[in-house]
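Work through the exercises below with the sequence and the model open. Each task is followed by a worked solution.

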Amino acid sequence: MVKVVTYEELKQNSTKKSLYVLIHSQVYDVTKFIDEHPGGDDVILAEAAKDATQAFEDVGHSDEARELLPGLLVGDFEKDGVSHRNYSASSSSSGASVSDAVEQGSNLMYFVPLTLLGAYFAWRFYGA
């Protein structure tokens, strides 16, 4: 049976010595990983005792980072006396589409400025 983690337990494990992170309605113990995190410990500590899903997805973690998660899993998050996983199952398909949209937006974030910069230099080179 999967362990259910309450909000109180999540709050109790929100220090560098014992750190749980909530991502996609599941709680992960990242205490041992915090010193190895490429972004530093401050970015993980900033998400302690709250839902870190948005921050996790916005950064665009690699497949390798996502493969580490199952080994760090503590259990499902309980919200209002009900395992939060029950709510996430119905939204998993929309979560995938949101993730795809974020990835596509992230690609545009680099493509558009580089295109504009290339157009500017072309205009300066050929137009001057």
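**Exercise 1.** Is Asp 35 buried or exposed? Then find its salt-bridge partner and state where the two residues lie.

Solution. The model is predicted, and the values are computed from it.
- Step 1: the relative accessible area of Asp 35 is 62%. The cut-off for exposed is over 50%, so Asp 35 is exposed.
- Step 2: the side chain of Asp 35 meets that of Lys 16 in a salt bridge, at 3.6 Å from N to O.
- Step 3: Asp 35 belongs to the loop between β4 (26-29) and α2 (41-45), and Lys 16 to the loop between β2 and β3, so the pair ties together parts that are 19 residues apart in sequence.
- Step 4: Lys 16 has a relative accessible area of 40% and is partly exposed.

**Exercise 2.** How many salt bridges does the structure hold? Describe the ones made by Lys 11 and by Arg 66.

Solution. 
- Step 1: there are 4 salt bridges in the structure. Side chains of opposite charge can pair when their charged atoms come close.
- Step 2: Lys 11 pairs with Glu 8, with 3.5 Å between the closest N and O atoms. Both residues are in helix α1, 3 residues apart, which is about one turn of the helix.
- Step 3: Lys 11 is partly exposed at 37% relative accessible area, and Glu 8 is partly exposed at 45%.
- Step 4: Arg 66 pairs with Glu 57, and here the closest N and O atoms are 2.9 Å apart. Arg 66 is partly exposed at 28% relative accessibility, whereas Glu 57 counts as buried at 15%.

**Exercise 3.** Which residues make up the largest nonpolar core, and which strand gives the most to it?

Solution. 
- Step 1: the largest nonpolar core has 11 residues, namely Leu 19, Val 21, Ile 23, Tyr 28, Val 30, Ile 34, Ile 44, Ala 48, Ala 52, Phe 56 and Leu 69.
- Step 2: strand β3 (residues 18-23) gives the most to this core, with 3 residues.
- Step 3: a second, separate core has 6 residues, among them Leu 10, Tyr 20, Leu 22 and Val 27.
- Step 4: take Ala 52 from the largest core. With neighbours within four places in sequence left aside, Ala 52 is in contact with Val 21, Leu 22, Ile 23 and Glu 47.

**Exercise 4.** Which residues form a nonpolar patch on the surface, and where is Pro 70 placed?

Solution. 
- Step 1: the patch consists of Leu 114, Leu 117, Tyr 120, Phe 121 and Trp 123, with about 600 Å² of accessible area together.
- Step 2: Leu 114 is in helix α6 (residues 92-127) and is exposed, at 58% relative accessible area.
- Step 3: Pro 70 is in helix α4 (residues 63-72) and is exposed, at 61%.
- Step 4: Pro 70 and Tyr 28 are 42 residues apart in sequence, with a C-alpha to C-alpha distance of 8.3 Å.

Notes
Residues are numbered from 1 along each chain as its sequence is written. This is a predicted model: local features need pLDDT of at least 70, side-chain atom pairs count only at pLDDT 80 or more; totals for chains, interfaces and linings use all residues. Side-chain values use heavy atoms; hydrogens and water are left out. A nonpolar core is a set of buried Ala, Val, Leu, Ile, Met, Phe, Trp, Tyr and Cys residues joined through side-chain atoms within 4.5 Å. Buried means under 20% relative accessible area, exposed over 50%, partly exposed in between (1.4 Å probe, protein chains only). Helices (H or I, at least four residues) and strands (E, at least two) are DSSP runs, numbered from the N terminus. Contact means heavy atoms within 4.5 Å. Patches are made of residues with over 30% relative accessible area and no salt bridge: like charges are joined within 9 Å, nonpolar side chains (Val, Leu, Ile, Met, Phe, Trp, Tyr) within 5 Å. Accessible areas come from the Shrake-Rupley method with a 1.4 Å probe; for residues, only the protein chains shown count as cover.
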